[in-house]
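My entries follow in the order in which I made them.

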Amino acid sequence: MAAAMKLISVLGLIVLISVGKVVDAAGECGKSAPDNEAMKLAPCAEAAQDENAPVSASCCAQVRKIGQSPKCLCAVMLSNTAKASGIKPEIAITIPKRCNIANRPVGYKCGAYTLP
């Protein structure tokens with residue numbers, strides 16, 4: 001009986017942890033974590049490290065898509081994945097302007113940075 005109660009407690013804990021992860025997943029980028037969305041910005045790697053590097057069309061397409069939610073774009077630019085990739089937020093934040101995205105959220109505060 002004690003073993004059964006212990007098993008039920010462990011299973012209950014697993015369910016609570018799983019539910020917590022589902023709730024956490026509904027964040028700045030909807031059901032996808034910013035670190036996962038950051039992987040989609042691989043075409044932007046060079047442009048996010050060097051402000052003089054050209055921004056590719058595939059990078060701009062991804063920034064347009066993710067940038068539909070300024071909160072998500074900001075979270076992606078400041079994500080652990082972006083940092084681990086060598087992304088410089090002060091340069092990455094300029095990509096929407098460099099892509100000539102007309103409806104970008106100019107003046108949007110992203111951590112210590114502001115979208116130009």
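**Entry 1, C44 and C59.** I looked up the burial of this pair and noted that C44 and C59 are both buried, where buried means under 20% relative accessible area, exposed over 50% and partly exposed in between, with a 1.4 Å probe and protein chains only. This is a predicted model, in which I took local features only at pLDDT of at least 70 and side-chain atom pairs only at pLDDT 80 or more, while totals for chains, interfaces and linings use all residues. Residues are numbered from 1 along each chain as its sequence is written, and side-chain values use heavy atoms, with hydrogens and water left out.

A disulfide, meaning a pair of cysteine sulfur atoms within 2.5 Å, joins C44 to C59 with 2.0 Å from S to S. C44 lies in the loop between α2 and α3 and C59 in helix α3, so the pair ties together parts that are 15 residues apart in sequence. I took helices (H or I, at least four residues) and strands (E, at least two) as DSSP runs numbered from the N terminus. The link of C44 and C59 is right-handed, with 110° about the S-S bond.

How many disulfides does the structure hold? I noted four, and with the bonded cysteines of the protein chain numbered in sequence order the pairing reads 1-5, 2-3, 4-7, 6-8.

C60 and C99 form a disulfide with their sulfur atoms 2.1 Å apart. C60 is in helix α3 and C99 in the loop between α7 and β1 (109-110), so this pair ties together parts that are 39 residues apart in sequence. The torsion about its S-S bond is about -85°, so the disulfide of C60 and C99 is left-handed. C60 is buried at a relative accessible area of 9%, and C99 counts as buried at 7%.

For C74 and C110, I noted a disulfide with the sulfur atoms 2.2 Å apart. The pair links distant parts of the chain, with C74 in helix α4 and C110 in strand β1, 36 residues apart. With 105° about the S-S bond, this link is right-handed, and both C74 and C110 are buried.

Which residues of α3 (residues 57-66) are buried? I listed C59, C60, Q62, V63 and I66. They cover an arc of only 165° around the axis, which puts them on the same side of α3; the arc is that of the directions from the helix axis to the C-beta atoms. The face turned away from this buried side carries the exposed residues A57 and K65. The cover over the buried residues includes α2 (34-39), α4 (70-77) and α7 (95-98), with contact meaning heavy atoms within 4.5 Å.

Most residues other than glycine have a negative phi. N100 counts as exposed, at 64% relative accessibility.
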